[in-house]
Amino acid sequence: MSNSAFRLSRPSFPDSRDPYPRDRTAIDRSLDLKAYLDSHSRNKSLRLADMSFGDDGARALGEFLDKNKQIEALELRGNGITSEGFALIVESLFGNNNIKTLSVEWNNLGSGTRGLETLAEFIAQNNSLEY
């Protein structure tokens with residue numbers, strides 16, 4: 001499938017449970033994120049929606065994704081990630097030819113250009129991304 005023709009279907013994430021209660025602070029969540037990721041290092045999909053981990057969590061996620069190229073689906077909806085944090089995540093996805101789904105709505109990606117420019121480069125080089 002070419003990168004210019006994305007399949008418009010909703011991604012499916014097998015573990016739809018929210019691992020964090022809504023009243024946790026962003027800092028607590030980003031610190032716990034490392035432990036959560038380590039415990040899910042063999043998963044092919046990660047549902048990290050609405051955790052509000054921000055750019056600190058994006059940095060931790062980027063480090064995780066650098067080492068875990070088997071990820072096929074990544075849901076990051078509603079985490080307060082800015083363009084800079086998103087760039088860290090996308091940079092870590094280079095070399096991942098398994099990623100099919102990347103969900104990033106309800107973040108603050110328009111806060112700069114770095115993240116969107118990095119995403120454009122990633123899309124241009126990656127043949128596996130579908131959604």
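At what angle do helix 2 (residues 54-67) and helix 3 (residues 83-93) pack, and how far apart are their axes? The structure is a predicted model, in which local features need pLDDT of at least 70 and side-chain atom pairs count only at pLDDT 80 or more, while totals for chains, interfaces and linings use all residues. Residues are numbered from 1 along each chain as its sequence is written, and side-chain values use heavy atoms, with hydrogens and water left out.

Helix 2 and helix 3 pack at an angle of about 5°, with their axes 8 Å apart. Axes here are lines fitted to C-alpha atoms, for helices over the stretch in contact, and angles run from 0 to 180 degrees between N-to-C directions. The two helices, helix 2 and helix 3, are therefore roughly parallel to each other (angles under 35 degrees). On the helix 2 side, D55, A58, R59, L61, G62, L65 and D66 meet E84, G85, L88, I89, S92 and L93 of helix 3, where contact means heavy atoms within 4.5 Å. Sorted by class, this contact has six nonpolar, three polar and four charged residues.

Turning to the sheet, three strands form an open arrangement in the order 1-2-3 with parallel pairing (two strands pair if DSSP finds at least two bridges between them). Its edge strands are strand 1 (45-47) and strand 3 (101-103). Strand 2 (residues 73-75) is joined to strand 3 by three bridges, and L74 has L102 as its bridge partner in strand 3.

In helix 4 (residues 114-125) lies T118, which is buried, with a relative accessible area of 7% (buried means under 20%, with a 1.4 Å probe and protein chains only).

How values were computed: Helices (H or I, at least four residues) and strands (E, at least two) are DSSP runs, numbered from the N terminus. Angles under 35 degrees count as roughly parallel, over 145 as roughly antiparallel, 65 to 115 as roughly perpendicular and the rest as oblique. Ala, Val, Leu, Ile, Met, Phe, Trp, Tyr, Cys and Pro count as nonpolar, Asp, Glu, Lys and Arg as charged, and the others, Gly among them, as polar. Buried means under 20% relative accessible area, exposed over 50%, partly exposed in between (1.4 Å probe, protein chains only).
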